[in-house]
Amino acid sequence: MSYVDEVLERVIAKNPAEPEFHQAVKEVLNSLRPVIEANEEVYRKEALLERITEPDRQFKFRVPWVDDKGQVQVNTGYRVQFNNSIGPYKGGLRLHPSVNLGIIKFLGFEQIFKNSLTGLPIGGGKGGSDFDPKGKSDREIMAFCQSFMTELCKYIGADTDVPAGDIGTGAREIGYMFGQFKRIRGTYEGVLTGKGLSYGGSLARTEATGYGLLYLTEEMLKCNGHDIKGKTVCVSGSGNVAIYATQKAQQLGAKVVTVSDSTGWVYDPEGIDVDLLKEVKEVKRARLTEYAAARPSAEYHEGRGVWSIKCDIALPCATQNELLLDDAKALVANGCIAVAEGANMPTTLEATEYLQQNKVLFAPGKAANAGGVATSALEMSQNSERLSWTFEEVDSKLQNIMVNIFHNLDDAAKRYGKEGDYVAGANIAGFEKVANAMMAQGVC
Ligand code: NDP
């Protein structure tokens, strides 16, 4: 049996009931086969794949808090510190009822390679809780965040592990967590990124993941003879990534015609009105029905359906496994030329394969959405320097990083005879740096 297959079997046996983690490891290791086969003897002796698929450590803890009725509620908190061979652990905190250890591990594993691809010194980690922020009052959110940080603060620090936002964790939650960290640890340090601008946050961090997605997509299209200008785009999600992806796509001359949330989706053939979307989602924290009610050109549909709309470019920006094989078939039938993942692992393995077989340009999340974590690393640099850079400075560094990421993965794919396979290219380019660092640091 090949080394990759042996390790895949071992990962599944050692981590039962964690299908998302198995899926992420499978996707990465399968596309690394040419690199691993070329170095099989050394990697086996070093147990490199066994080590890279086993987190350095993982924490699971109780998060008790009191709701507005005086009732004590209990959630579960997680932090997985996966790999710090190239820098302190870095990765977001997800607050969503679907969160469990397997999901945090899949995200943490992906984060290792994504962070490596940015070219910045950051390792991979992820955390979160099964807490559902929806429908909670501000006071309840603060009570949860303070309790969560009361435990988490034992494991993190500016040079150890620097969490950030993710689904359900935006500037408000980061603010409450930062306040609690400071209170308990008594230090003012860049322990979280995505902070508010008045206390160490970076300009352009809010926009970074969505903007970065478009910078990489634009470069991928350009290198394949297409211009983003005038293209029709379908976006899923209507959170942080989706909003700023929509904004940048429109700034670059494309037209975004869909957005979605967990209950429905909007088709707006005139092009999504970003200001209205921000008002509905960022200010009122309301459902998309309110967007449709305020916009005569928009249709609202319950359930799923974004990928049934004809488009040139699809940008899944909501959550994992939201673009299925049937969706991929619909996109191909409608003439879609590119899919770039704003969310983490939004496309299933079968859907990815189908898109690639049908010559759709496919940019995987670990490359395409790396702009968020890259800008978080820029926030860490500014915090260390005790300086703040202008929006334009950060945005232009972000743009360079995304263009470099695309060329790194394009080159890596070409080096291994997989031209145009950006999934393999991203995994190979991300893996090589981490693998070299791990080997140089001995058995640890
Ligand atoms: P937000 O919480 O701001 O938005 C998430 C969006 O996805 C919302 O519109 C939400 O709808 C929708 N959504 C969430 N879960 C589901 C579900 N199960 N089914 C359908 N829709 C769903 O999160 P972000 O925009 O920050 O993150 C989106 C994705 O991007 C995630 O995969 C995240 O890991 C990834 N990502 C985020 C980065 C960042 O900087 N924020 C960086 C890199 C990756 P509703 O409001 O109804 O829940």
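Which residues are the closest to the ligand, and how many surround it? I started my notebook there, keeping in mind that this is a predicted model.

**Entry 1: the ligand**

I found 25 residues surrounding the ligand. The closest are Asp-166, Thr-209, Ser-262, Arg-287 and Asn-344.

Asp-166 places a polar side-chain atom 2.6 Å from an oxygen atom of the ligand. Val-241 uses its backbone instead: a polar backbone atom there is 2.9 Å from a ligand oxygen atom. For Gly-239, I noted a backbone N or O atom at 3.5 Å from an oxygen atom of the ligand.

**Entry 2: α9 and α10**

Thr-209 and Val-241 sent me to the helices next. Thr-209 is in α9 and Val-241 is in α10, and both belong to the contact of these two helices. Helix α9 covers residues 205–223 and helix α10 covers residues 240–251. Their axes come within 7 Å and cross at roughly 50 degrees, which makes α9 oblique to α10. The crossing of α9 past α10 is right-handed.

I listed who meets whom. From α9 come Thr-206, Glu-207, Thr-209, Gly-210, Tyr-211, Leu-213, Leu-214 and Tyr-215. On the α10 side they meet Asn-240, Val-241, Tyr-244, Ala-245, Gln-247, Lys-248, Ala-249 and Gln-251. Sorted by class, the contact of α9 with α10 has eight nonpolar, six polar and two charged residues.

**Entry 3: α1 and α2**

Next I went to the helices numbered α1 and α2. Helix α1 takes in residues 3–14, and its axis comes within 10 Å of the axis of α2, crossing at roughly 170 degrees. Angles over 145 degrees count as roughly antiparallel, so that is how α1 runs relative to α2.

Val-4, Val-7, Leu-8, Val-11 and Ile-12 make the contact from α1. Their partners in α2 are Phe-21, His-22, Val-25, Lys-26, Leu-29 and Asn-30. I see eight nonpolar residues, two polar and one charged in the contact of α1 with α2.

**Entry 4: α2 and α18**

How are α2 and α18 oriented to each other? Helix α2 (residues 19–31) packs with helix α18 (residues 422–440) at an angle of about 90 degrees, and their axes are 8 Å apart. The two are therefore roughly perpendicular.

Here I noted Glu-27, Val-28 and Ser-31 in α2, meeting Val-423, Ala-424, Asn-427 and Ile-428 in α18. The contact of α2 with α18 divides into four nonpolar residues, two polar and one charged.

Technical notes:
Residues numbered from 1 in each chain as written. Predicted model: local features only at pLDDT ≥ 70, side-chain atom pairs only at ≥ 80, totals over all residues. Heavy atoms only, no water. Axes fitted to C-alpha atoms, helices over the stretch in contact; angles between N-to-C directions. Helix = DSSP H or I, 4+ residues; strand = E, 2+ residues; numbered from the N terminus. Parallel < 35°, antiparallel > 145°, perpendicular 65-115°, else oblique. Left-handed = near helix turned anticlockwise from the far one by under 90°. Contact = heavy atoms within 4.5 Å. Nonpolar A, V, L, I, M, F, W, Y, C, P; charged D, E, K, R; others polar. Near = heavy atom within 4 Å. Polar contact = N/O pair within 3.5 Å; in protein donor to acceptor, adjacent residues only side chain to side chain.
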